[in-house]
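Visitor: I'd like a quick tour of this one, residue by residue. Where shall we start?

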Amino acid sequence: MDQDFHRIRRLPPYVFAEVNAMKARARAAGDDIIDFGMGNPDQPTPPHIVEKLIEASRNPRAHRYSMSRGIPGLRKALAAYYQRRFNVDLDPEAEAIVTLGSKEGLANLANAITSPGDIVLVPNPSYPIHPYGFIIAGGSCRYVPVTPDADFLAALDRAVRHSVPKPIALVLNYPSNPTALLADLDFYGQVVDFCRHHKIWVLSDLAYAEIFFDGNPPPSILQVPGAKDIAVEFTSMSKTYNMPGWRIGFAAGNRTLVGALARIKSYLDYGAFTPIQVAAAHALNGPQECVGEIRAMYKTRRDVLIEGLEAAGWSVPSPAATMFAWAPIPPAFAHLGSLEFSKLLMREAKVAVAPGIGFGEYGDGHVRIGLVENPHRTRQAVRSIKSFLAGYDRVLEESEKQRAVAGG
Ligand SMILES: Cc1ncc(COP(=O)(O)O)c(C=O)c1O
């Protein structure tokens, strides 16, 4: 029996598995590991949203199969959000679809539009579903640098001139996971011009639309005139309303892409449980103070982390958005690469981070630090990172010894 499945062969082992296994072992041995490795919001969903879920669940009619595209009330709530937040008009019937989290939407849209051998332009480093959605679908990725600047546009131009066949689609993700980079409307305008000219679809992932600091709300690509000719944008309830486990996201924009996703999903699912969708609509239509509070919580954590690391001798750029700091490996440890450095940090400082290599080869000079521990725990982590860095000669010597033993 063939066990060498074509699709599975194209999925490398999960890089984070090694760090996760080490974390599990350390915890089993009684270590208190402070875990910045995950991108999983740790706070509860605001109570008014949970109450709505409970209320809607009491209605037996809501227990039936839902609608694969999402209930109309939720699609309308998304359209109203786009109108008030971005001044973008959306037709909730044809230009908006509810997904089981944006990850599902990205993966199934990739599946819907990719023919075997198609080339897709994907930033690197990136959130894994951005390349792997297309790889699972039988496509190939050509990686472009993630920086939203002239280098990016030049790389797009090179990719189109030198790829055979021509790329069918481009993935964008600003604010970016893992780098926390932001794009402005001017950049989106240039990308839209370019992709319209070359007939390339754009899939923009705006999962961190509302997790921004310093009063700088990230724009939507759909604000660019003509963007709907080629672009679809993914948004999510997961981070904005602390609803990661509820699995509600959206795709909005180009009708052909939304239609393709709706078609493929109609074969695969019956939509999220209706009460979840009712509660999600309530979240979007209801009071928004909770969003400000979630933003403020991440901002406090960010400041404690970045200021603390600076004082500990580790300079990390302060993220303007997302729930991550993208930290360059301190120079003395750079030769180790991100996986070894992450392991060392866990062993010596009892702090877990995500190695940048897990987000692609160009991520190997960095680790991702999630803003998922409270200020008290963050301060505790910063203190132990400080003593780890202060004793780095000894730490490096130890790690070289361990590597020699492991190697020989
Ligand atoms: C950039 C990005 N896109 C999408 C997702 C997935 O979000 P969802 O919960 O909506 O599937 C994440 C989650 O971490 C993310 O970081």
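Visitor: Does Ser 163 count as buried or exposed, and at what relative accessibility?

Guide: Quick caveat: this is a predicted model, with local features needing pLDDT of at least 70, side-chain atom pairs counting only at pLDDT 80 or more, and totals for chains, interfaces and linings using all residues. Residues are numbered from 1 along each chain as its sequence is written, and side-chain values use heavy atoms, leaving out hydrogens and water. Buried means under 20% relative accessible area and exposed over 50%, with partly exposed in between (1.4 Å probe, protein chains only). Ser 163 therefore counts as buried, at 9%.

Visitor: Which side chain has a polar contact with that of Ser 163?

Guide: A polar contact is a pair of N or O atoms within 3.5 Å; within protein, one must be able to donate a hydrogen and the other to accept it, and residues adjacent in sequence count only if both atoms are side-chain atoms. At 3.5 Å, the side chain that joins Ser 163 is that of Arg 142.

Visitor: Which backbone oxygen does the Ser 163 side chain reach?

Guide: Here the distance is 2.6 Å. The backbone oxygen belongs to Ala 159.

Visitor: Over to the ligand: how far is the polar side-chain atom of Lys 239 from a ligand oxygen?

Guide: Ser 236 puts a polar side-chain atom 2.6 Å from an oxygen atom of the ligand, and Ser 238 has one at 2.6 Å from a ligand oxygen too. For Lys 239, the distance is 2.6 Å.
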